[in-house]
Amino acid sequence: MTGNTAPLLIDLLLPPAPGGSTGLMAVLGIPAGTGPWPAVVLVHEAFGLNDVMRRQVERMAAAGYLALMPDLFTEGGARKCLTRTFRALQAGEGRAFADIESARRFLIDRDDCTGAAGVLGFCMGGGFALAAATRGFDAASVNYGRLPKQLDDALAGACPIVGSFGATDTSLRGAAATLEASATRLGIAHDVKEYPGAGHAFLNDAESGPVALRFLLKRILGAGPNPVAAADAWQRIEAFFGEHLAPEH
(Lines give C-alpha, C1' and ligand atoms only; values in the text may rest on other atoms or scores of the structure.)
Protein backbone atom coordinates (compact mmCIF):
# COMPACT_ATOMS: atom_id res chain seq x y z
CA MET A 1 0.00 0.00 0.00
CA THR A 2 2.99 2.29 0.38
CA GLY A 3 3.39 4.86 -2.36
CA ASN A 4 6.38 6.70 -3.75
CA THR A 5 5.24 10.10 -2.48
CA ALA A 6 5.48 11.13 1.14
CA PRO A 7 2.22 11.56 3.05
CA LEU A 8 1.02 14.97 4.20
CA LEU A 9 1.24 15.73 7.93
CA ILE A 10 -1.07 18.39 9.37
CA ASP A 11 -1.37 19.78 12.88
CA LEU A 12 -4.99 20.55 13.65
CA LEU A 13 -7.61 21.30 16.27
CA LEU A 14 -10.32 18.66 16.68
CA PRO A 15 -13.95 19.66 17.18
CA PRO A 16 -15.06 19.86 20.83
CA ALA A 17 -16.69 16.73 22.26
CA PRO A 18 -18.65 16.15 25.48
CA GLY A 19 -16.21 15.24 28.26
CA GLY A 20 -13.19 15.74 26.01
CA SER A 21 -10.19 18.06 26.18
CA THR A 22 -10.73 21.74 25.46
CA GLY A 23 -8.85 22.71 22.30
CA LEU A 24 -7.86 19.11 21.54
CA MET A 25 -4.76 19.16 19.34
CA ALA A 26 -3.81 16.34 17.00
CA VAL A 27 -1.56 15.46 14.10
CA LEU A 28 -3.16 14.05 10.95
CA GLY A 29 -1.36 12.02 8.32
CA ILE A 30 -2.95 11.86 4.86
CA PRO A 31 -1.64 9.29 2.36
CA ALA A 32 -0.37 10.38 -1.01
CA GLY A 33 -2.72 9.80 -3.92
CA THR A 34 -6.49 9.57 -3.98
CA GLY A 35 -8.66 7.96 -1.31
CA PRO A 36 -10.83 6.83 0.20
CA TRP A 37 -8.66 5.18 2.83
CA PRO A 38 -9.36 3.29 6.06
CA ALA A 39 -8.63 5.21 9.24
CA VAL A 40 -6.31 4.58 12.16
CA VAL A 41 -6.37 6.48 15.46
CA LEU A 42 -2.93 6.33 17.06
CA VAL A 43 -2.53 6.77 20.82
CA HIS A 44 0.82 8.11 21.99
CA GLU A 45 3.15 6.80 24.67
CA ALA A 46 3.47 8.26 28.17
CA PHE A 47 5.95 10.90 26.97
CA GLY A 48 3.31 12.54 24.80
CA LEU A 49 3.00 13.50 21.15
CA ASN A 50 6.69 14.04 20.46
CA ASP A 51 8.74 13.77 17.25
CA VAL A 52 9.04 9.98 17.59
CA MET A 53 5.26 9.69 17.77
CA ARG A 54 4.77 12.05 14.85
CA ARG A 55 6.91 9.73 12.73
CA GLN A 56 4.63 6.83 13.73
CA VAL A 57 1.70 8.82 12.31
CA GLU A 58 3.68 9.42 9.14
CA ARG A 59 4.50 5.70 8.90
CA MET A 60 0.84 4.68 9.05
CA ALA A 61 -0.14 7.33 6.52
CA ALA A 62 2.61 6.07 4.20
CA ALA A 63 1.08 2.59 4.57
CA GLY A 64 -2.21 3.88 3.17
CA TYR A 65 -4.23 4.95 6.22
CA LEU A 66 -5.77 8.21 7.33
CA ALA A 67 -3.75 8.39 10.53
CA LEU A 68 -4.64 10.68 13.42
CA MET A 69 -2.94 11.00 16.80
CA PRO A 70 -4.79 13.17 19.35
CA ASP A 71 -2.70 14.86 22.03
CA LEU A 72 -4.12 13.43 25.25
CA PHE A 73 -1.98 15.93 27.16
CA THR A 74 -3.46 18.97 25.42
CA GLU A 75 -4.61 20.57 28.67
CA GLY A 76 -1.26 20.93 30.40
CA GLY A 77 1.37 18.62 28.95
CA ALA A 78 2.63 15.32 30.34
CA ARG A 79 3.62 16.75 33.72
CA LYS A 80 0.06 17.86 34.54
CA CYS A 81 -1.94 15.28 32.56
CA LEU A 82 -0.06 12.00 32.92
CA THR A 83 -1.50 10.89 36.27
CA ARG A 84 -5.05 11.84 35.29
CA THR A 85 -4.70 10.03 31.98
CA PHE A 86 -3.47 6.83 33.61
CA ARG A 87 -6.37 7.07 36.07
CA ALA A 88 -8.78 7.27 33.14
CA LEU A 89 -7.16 4.17 31.64
CA GLN A 90 -7.52 2.27 34.89
CA ALA A 91 -11.14 3.37 35.32
CA GLY A 92 -12.06 2.72 31.70
CA GLU A 93 -13.64 6.14 31.34
CA GLY A 94 -12.73 9.81 31.34
CA ARG A 95 -11.35 12.60 29.18
CA ALA A 96 -8.80 10.46 27.33
CA PHE A 97 -11.49 8.08 26.09
CA ALA A 98 -13.62 11.02 24.95
CA ASP A 99 -10.60 12.35 23.04
CA ILE A 100 -9.99 8.99 21.35
CA GLU A 101 -13.64 8.79 20.34
CA SER A 102 -13.46 12.37 19.03
CA ALA A 103 -10.51 11.33 16.86
CA ARG A 104 -12.38 8.26 15.57
CA ARG A 105 -15.47 10.30 14.68
CA PHE A 106 -13.37 12.99 12.98
CA LEU A 107 -11.78 10.38 10.72
CA ILE A 108 -14.83 8.32 9.78
CA ASP A 109 -16.83 11.48 9.03
CA ARG A 110 -14.31 12.54 6.38
CA ASP A 111 -15.27 12.07 2.73
CA ASP A 112 -11.91 10.42 2.03
CA CYS A 113 -12.44 7.69 4.66
CA THR A 114 -13.86 4.27 3.86
CA GLY A 115 -15.60 4.15 7.24
CA ALA A 116 -13.38 1.39 8.64
CA ALA A 117 -11.24 2.43 11.60
CA GLY A 118 -8.47 0.83 13.61
CA VAL A 119 -6.77 1.94 16.81
CA LEU A 120 -3.04 1.58 17.46
CA GLY A 121 -1.24 2.48 20.66
CA PHE A 122 2.23 2.47 22.19
CA CYS A 123 3.08 1.98 25.88
CA MET A 124 0.34 3.90 27.72
CA GLY A 125 -1.39 4.17 24.36
CA GLY A 126 -1.22 0.39 23.98
CA GLY A 127 -3.36 0.11 27.10
CA PHE A 128 -5.84 2.56 25.61
CA ALA A 129 -5.87 0.67 22.29
CA LEU A 130 -6.78 -2.51 24.15
CA ALA A 131 -9.52 -0.75 26.11
CA ALA A 132 -10.83 0.85 22.92
CA ALA A 133 -11.10 -2.55 21.18
CA THR A 134 -14.70 -2.73 22.45
CA ARG A 135 -15.56 0.87 21.45
CA GLY A 136 -16.45 0.99 17.79
CA PHE A 137 -13.12 0.14 16.16
CA ASP A 138 -12.69 -2.62 13.58
CA ALA A 139 -9.18 -3.68 14.65
CA ALA A 140 -6.77 -2.83 17.47
CA SER A 141 -2.97 -2.89 17.63
CA VAL A 142 -1.73 -3.21 21.21
CA ASN A 143 1.98 -2.51 21.55
CA TYR A 144 3.49 -3.21 25.01
CA GLY A 145 0.33 -1.94 26.67
CA ARG A 146 -0.64 -2.90 30.22
CA LEU A 147 -3.47 -5.41 30.55
CA PRO A 148 -6.48 -4.88 32.85
CA LYS A 149 -6.82 -7.28 35.78
CA GLN A 150 -10.16 -8.71 34.65
CA LEU A 151 -9.00 -9.21 31.07
CA ASP A 152 -11.75 -11.54 29.85
CA ASP A 153 -14.42 -9.15 31.09
CA ALA A 154 -12.65 -6.17 29.52
CA LEU A 155 -12.34 -7.89 26.13
CA ALA A 156 -15.89 -9.20 25.84
CA GLY A 157 -17.10 -8.16 22.38
CA ALA A 158 -13.71 -6.82 21.31
CA CYS A 159 -12.66 -6.33 17.69
CA PRO A 160 -9.70 -8.30 16.24
CA ILE A 161 -6.43 -7.61 18.09
CA VAL A 162 -2.79 -7.67 17.01
CA GLY A 163 -0.41 -7.45 19.97
CA SER A 164 3.37 -7.02 20.20
CA PHE A 165 5.48 -7.26 23.35
CA GLY A 166 9.16 -7.42 24.24
CA ALA A 167 10.46 -10.34 26.30
CA THR A 168 12.95 -8.18 28.22
CA ASP A 169 10.24 -5.72 29.29
CA THR A 170 10.07 -6.58 32.99
CA SER A 171 6.94 -4.47 33.49
CA LEU A 172 4.92 -6.77 31.22
CA ARG A 173 6.19 -10.27 31.95
CA GLY A 174 3.71 -12.83 30.69
CA ALA A 175 1.46 -10.20 29.11
CA ALA A 176 1.68 -11.66 25.61
CA ALA A 177 0.73 -15.15 26.77
CA THR A 178 -2.08 -13.78 28.93
CA LEU A 179 -3.54 -11.74 26.06
CA GLU A 180 -3.19 -14.68 23.67
CA ALA A 181 -5.04 -16.99 26.08
CA SER A 182 -7.84 -14.52 26.72
CA ALA A 183 -8.40 -13.80 23.02
CA THR A 184 -8.47 -17.54 22.32
CA ARG A 185 -11.02 -18.18 25.07
CA LEU A 186 -13.25 -15.38 23.82
CA GLY A 187 -12.97 -16.32 20.15
CA ILE A 188 -11.42 -12.97 19.19
CA ALA A 189 -9.37 -12.96 15.98
CA HIS A 190 -5.84 -12.18 17.06
CA ASP A 191 -2.12 -12.22 16.36
CA VAL A 192 -0.03 -11.83 19.51
CA LYS A 193 3.76 -12.13 19.59
CA GLU A 194 6.53 -11.64 22.13
CA TYR A 195 9.97 -10.72 20.78
CA PRO A 196 13.10 -12.17 22.47
CA GLY A 197 15.71 -9.49 23.05
CA ALA A 198 13.24 -6.63 22.67
CA GLY A 199 12.09 -4.43 25.53
CA HIS A 200 9.61 -1.66 26.11
CA ALA A 201 9.18 0.92 23.31
CA PHE A 202 10.96 -1.29 20.78
CA LEU A 203 8.81 0.04 17.93
CA ASN A 204 10.22 3.54 18.34
CA ASP A 205 12.83 4.57 15.78
CA ALA A 206 14.80 6.62 18.34
CA GLU A 207 15.16 7.02 22.09
CA SER A 208 12.20 8.85 23.61
CA GLY A 209 11.42 10.72 26.80
CA PRO A 210 13.60 12.82 29.11
CA VAL A 211 17.30 12.14 28.60
CA ALA A 212 17.80 11.73 32.36
CA LEU A 213 15.35 8.81 32.41
CA ARG A 214 16.60 6.87 29.41
CA PHE A 215 19.38 4.93 31.14
CA LEU A 216 17.02 3.91 33.92
CA LEU A 217 14.28 2.86 31.51
CA LYS A 218 16.78 0.90 29.45
CA ARG A 219 18.11 -0.89 32.54
CA ILE A 220 14.73 -1.71 34.09
CA LEU A 221 12.45 -2.16 31.06
CA GLY A 222 14.95 -2.86 28.31
CA ALA A 223 13.40 0.22 26.71
CA GLY A 224 14.55 1.48 23.36
CA PRO A 225 14.51 0.81 19.63
CA ASN A 226 14.97 -2.71 18.27
CA PRO A 227 14.96 -2.39 14.47
CA VAL A 228 14.77 -6.13 13.77
CA ALA A 229 11.81 -6.77 16.07
CA ALA A 230 10.17 -3.54 14.94
CA ALA A 231 10.37 -4.49 11.27
CA ASP A 232 8.64 -7.79 11.94
CA ALA A 233 6.01 -6.20 14.18
CA TRP A 234 5.17 -3.50 11.64
CA GLN A 235 4.82 -6.13 8.94
CA ARG A 236 2.36 -8.04 11.15
CA ILE A 237 0.42 -4.89 12.07
CA GLU A 238 0.05 -3.77 8.46
CA ALA A 239 -0.99 -7.26 7.34
CA PHE A 240 -3.53 -7.53 10.17
CA PHE A 241 -4.99 -4.09 9.52
CA GLY A 242 -4.96 -4.78 5.80
CA GLU A 243 -7.14 -7.82 6.43
CA HIS A 244 -9.55 -6.39 8.99
CA LEU A 245 -9.87 -2.83 7.66
CA ALA A 246 -10.36 -3.90 4.05
CA PRO A 247 -13.45 -2.51 2.24
CA GLU A 248 -15.42 -5.75 2.62
CA HIS A 249 -15.10 -5.41 6.39
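**Exercises on a predicted model**

Helix 1 passes helix 8 in a right-handed crossing. The structure is a predicted model.

**Exercise 1.** Classify the crossing of helix 1 and helix 8, and name residues that meet there.

Solution. Take the axes of helix 1 (residues 51-62) and helix 8 (residues 227-244): they come within 12 Å and cross at roughly 50°. Angles under 35 degrees count as roughly parallel and 65 to 115 as roughly perpendicular, so helix 1 is oblique to helix 8. Next, list the contacts: Q56, R59 and M60 from helix 1 meet W234, E238 and F241 from helix 8.

**Exercise 2.** Check the span of helix 3 and state how many of its residues are buried.

Solution. Helix 3 (residues 95-108) has 14 residues, which at 1.5 Å a residue should span 20 Å. Its end C-alpha atoms are 20 Å apart, so the span agrees. Of the 14 residues, 11 are buried, including D99 and R104.

**Exercise 3.** Is R146 buried or exposed, and where does R146 lie?

Solution. R146 sits in the loop between strand 6 (139-143) and helix 5 (151-155). Its relative accessible area is 53%; exposed means over 50%, so R146 is exposed. Not counting residues up to four places away in sequence, R146 still touches G127, L130, S171 and L172.

Key. Residues are numbered from 1 along each chain as its sequence is written. This is a predicted model: local features need pLDDT of at least 70, side-chain atom pairs count only at pLDDT 80 or more; totals for chains, interfaces and linings use all residues. Side-chain values use heavy atoms; hydrogens and water are left out. Helices (H or I, at least four residues) and strands (E, at least two) are DSSP runs, numbered from the N terminus. The expected span of a helix is 1.5 Å times one less than its number of residues. Buried means under 20% relative accessible area, exposed over 50%, partly exposed in between (1.4 Å probe, protein chains only). Axes are lines fitted to C-alpha atoms, for helices over the stretch in contact, and angles run from 0 to 180 degrees between N-to-C directions. Angles under 35 degrees count as roughly parallel, over 145 as roughly antiparallel, 65 to 115 as roughly perpendicular and the rest as oblique. A crossing is left-handed if the near helix is turned anticlockwise from the far one by less than a right angle, and right-handed if clockwise. Contact means heavy atoms within 4.5 Å.
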